[in-house]
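User: I'd like to go through the labels on this model and see what backs each of them. Could you take them one by one?

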Amino acid sequence: MIELSRPVVVAPMAGGPSTVALVVEAARAGGLGFLAAGYKTPDATAREVAAARAAGVPFGLNIFVPDTTPADADDVAKYRTRLERDHGPLPEPPLADDDHFAEKLRIAAGVPYVSFTFGLPPADAVAGLRAAGSTVLITVTTPGEARRALAFGPDALVAQAGTAGGHSGTYDPAGHDGSGTAIELLRDVPRTVPVVAAGGTGTAADVRALLDAGATAVQAGTAFLLADEAGTRAAHRAALTEGRETVVTRAFTGRPARALRNRFTDAYGPYAPLAYPAVHHLTAPIRAAAAARGDAESINLWAGTAHADARPGPAGEILRTLAGCN
Ligand SMILES: Cc1cc2nc3c(=O)[nH]c(=O)nc-3n(C[C@H](O)[C@H](O)[C@H](O)COP(=O)(O)O)c2cc1C
């Protein structure tokens, strides 16, 4: 069901790094890549799916499961005031949105692999996608989440550890502290379906250790951020080579994510409310302006703990190296 000649999965990376070219090259190298539907319009998502289909290779699509509970307006307003002191007036953000979940589910029908993060998709969505021929994966971050996800009948789990770069898929953002390695999580999750291990893998030895511990495949994100085919911004690429440490922060989006430490995580991390996606929308103009001027200090530099191992080059070469082929 997940049979790859090289058991390495290029993680979905919303916000720019994931591209059709990255996903196609992953498949051509014998692995698998996921397109990232997160934040995209349904049209843009459908165009990427069509382009990947046209390339004639297996590929996946990753979808955010929305939490439609509106954020606390007072918490968001206080955070907005704090940001405005340094960054000037910011538009009032929407307190909730569902990232076009229903439309993205429709687009996903029949895509070879579909993965979910941030929560449990509706049970009928899992069944519907499987009936349409998709292999369905649900992201989990604890054994308890794994047990809950298994009740929804997925084909496989993505077990994402605290070491992982980017947002945690945790179902309990308040309780996430970024602790725990992929090996530890893999040991503890039920393995009644194949498990794809994710988090903190930068070398072939990291990948080998997870496969030896029973992972069906290893999903890596940060290791591909410097790939030629990745859409990673220039300032993010540069920061990855500067030897920074990583922190778990909700400063950018209101949901815990692992990022390279910068001025923004230091200044606002302690004050950011748990209010995703309201805080994502609130900080978007600050991040866009910083990216335009190449300023790494105010953009979300998502990265996992193994970021120092990331190397530039063609994605296929990076994948083959991780799979132990070079
Ligand atoms: C820049 C970036 C963006 C990410 N975006 C997504 C996403 O859209 N959906 C998702 O399920 N995971 C996302 N992740 C998490 C990855 O799926 C994966 O769990 C993580 O990259 C594994 O840890 P590593 O970065 O240490 O390899 C992202 C990770 C990074 C680094």
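Analyst: What follows is a run through those labels, each set against its definition. This is a predicted model, where local features need pLDDT of at least 70, side-chain atom pairs count only at pLDDT 80 or more, and totals for chains, interfaces and linings use all residues. Residues are numbered from 1 along each chain as its sequence is written, and side-chain values use heavy atoms, with hydrogens and water left out.

User: Why is Ile 107 called buried?

Analyst: Buried means under 20% relative accessible area, exposed means over 50%, and partly exposed is in between (1.4 Å probe, protein chains only). Ile 107 has 18%, so it counts as buried. This residue sits in helix α4 (residues 101-108); helices are DSSP runs of H or I with at least four residues, strands are E runs of at least two, and both are numbered from the N terminus.

User: What is Ile 107 in contact with, leaving aside its neighbours within four places in sequence?

Analyst: Pro 42, Thr 45, Ala 46 and Val 49, where contact means heavy atoms within 4.5 Å.

User: What makes Tyr 39 and His 100 partly exposed?

Analyst: Tyr 39 has 31% relative accessibility, so it counts as partly exposed. His 100 has 32%, so it gets that label too. Tyr 39 is in the loop between β2 (32-36) and α2 (42-54), with a positive phi of about 70 degrees although it is not a glycine. His 100 is in the loop between α3 and α4, and its phi is positive as well, about 60 degrees, although it is not a glycine.

User: How do you know that the span of α3 agrees with its number of residues?

Analyst: The expected span is 1.5 Å times one less than the number of residues. Helix α3 (residues 73-87) has 15 residues, so it should span 21 Å; the end C-alpha atoms are 20 Å apart, which agrees.

User: Which residues of α3 are buried, and why are they said to be on the same side?

Analyst: The buried ones are Val 76, Tyr 79 and Leu 83. They cover an arc of only 70 degrees around the axis, so they lie on the same side of α3; the arc is that of the directions from the helix axis to the C-beta atoms. An α-helix has 3.6 residues a turn, so residues three or four places apart point the same way. On the other side of α3, Asp 74, Lys 78 and Arg 85 are exposed. The cover over the buried residues of α3 includes α10 (263-268) and α11 (278-292).

User: What makes a space a cavity rather than a pocket?

Analyst: On a 1 Å grid over the protein atoms alone, a cavity is a set of points where a 1.4 Å probe fits but cannot get out, while a pocket is an open set with protein on both sides within 12 Å along at least five of seven lines; lining residues have an atom within 4 Å of a point. The search of the whole structure finds 2 cavities of 30 Å³ or more. The largest cavity holds about 560 Å³, and the largest pocket about 510 Å³. Grid points are joined across faces, edges and corners, and a volume is the space filled by probe spheres set on the points.

User: Which residues lie nearest the centre of the largest pocket?

Analyst: Pro 66, Asp 67, Arg 255, Tyr 276 and Pro 277, from a lining of 27 residues. Tyr 276 and Pro 277 are joined by a cis peptide bond, with omega about 5 degrees.
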